[in-house]
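This report goes through one protein chain, from a single contact out to the whole fold. Please keep the sequence and the model in view while reading.

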Amino acid sequence: MSAVFEKLIAKYAERGDFERLKQYQADRVAWIESIRNGTYEKMHLVEDNDPVPLIAEIERELACIAAALKKQH
């Protein structure tokens, strides 16, 4: 996960844009599901033998988003 992504998520949380964060979260959950069920159309930079690191990266992004959503009181 890039520092830019973390800053973007933090900025949305700071602004109170939790709907956008929820959509990012839903998109990433759907992305993981499509990788796991074999319907993911890989980008040209993703190798066929590299699904686990990609899932791990998306899971790190989901954790970042979940932490930001906890600020929604």
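## A charge over a ring

Arg28 lies over the face of Tyr24, at 5.3 Å from the ring centre. A charge counts as sitting over a ring if NZ of Lys or CZ of Arg is within 6 Å of the ring centre and within 35 degrees of the ring normal.

The side chain of Arg28 also meets that of Glu61, in a polar contact of 2.6 Å. A polar contact is a pair of N or O atoms within 3.5 Å; within protein, one must be able to donate a hydrogen and the other to accept it, and residues adjacent in sequence count only if both atoms are side-chain atoms. Glu61 belongs to helix α3, which covers residues 51–69. Is Glu61 buried or exposed? Glu61 is buried, with a relative accessible area of 11%. Buried means under 20% relative accessible area, exposed over 50%, and partly exposed in between, with a 1.4 Å probe and protein chains only.

## Basis of the model

The model is predicted: local features need pLDDT of at least 70, side-chain atom pairs count only at pLDDT 80 or more, and totals for chains, interfaces and linings use all residues. Residues are numbered from 1 along each chain as its sequence is written, and side-chain values use heavy atoms, with hydrogens and water left out.

## The aromatic pair

How many aromatic pairs does a search of the whole structure find? The search finds one. The pair is formed by Tyr12 and Tyr24, and it is edge-to-face, with 5.8 Å centre to centre and 65° between the planes. Tyr12 lies in helix α1 (residues 3–15) and Tyr24 in helix α2 (residues 18–36), so the pair ties together parts that are twelve residues apart in sequence. Rings of Phe, Tyr and Trp (its six-membered ring) pair if their centres lie within 6.5 Å; planes under 30 degrees apart count as stacked, over 60 as edge-to-face and the rest as tilted.

Tyr12 is buried, with a relative accessible area of 7%.

## Helices and their packing

The chain has three helices and zero strands, and its elements run α-α-α from the N terminus on. Helices (H or I, at least four residues) and strands (E, at least two) are DSSP runs, numbered from the N terminus. Of the 73 residues in the chain, 27% are buried.

Helices α1 and α2 pack at an angle of about 140°, with their axes 8 Å apart. Axes are lines fitted to C-alpha atoms, for helices over the stretch in contact, and angles run from 0 to 180 degrees between N-to-C directions. The two helices α1 and α2 are therefore oblique to each other. Angles under 35 degrees count as roughly parallel, over 145 as roughly antiparallel, 65 to 115 as roughly perpendicular and the rest as oblique.

## Contacts across the sequence

Phe5, in helix α1, counts as buried at 9% relative accessibility. Phe5 and Cys64 are 59 residues apart in sequence, while their C-alpha atoms are 9.0 Å apart in space. Ile65 is placed in helix α3 and is buried, with a relative accessible area of 0%.

Gln25 has its place in helix α2 and is partly exposed, with a relative accessible area of 25%. Gln25 and Leu62 are 37 residues apart in sequence and 6.1 Å apart in space, C-alpha to C-alpha. Lys71 sits in the segment after α3 and is exposed, with a relative accessible area of 57%. A distance of 9.1 Å separates the C-alpha atoms of Lys71 and Phe18, which are 53 residues apart along the chain.
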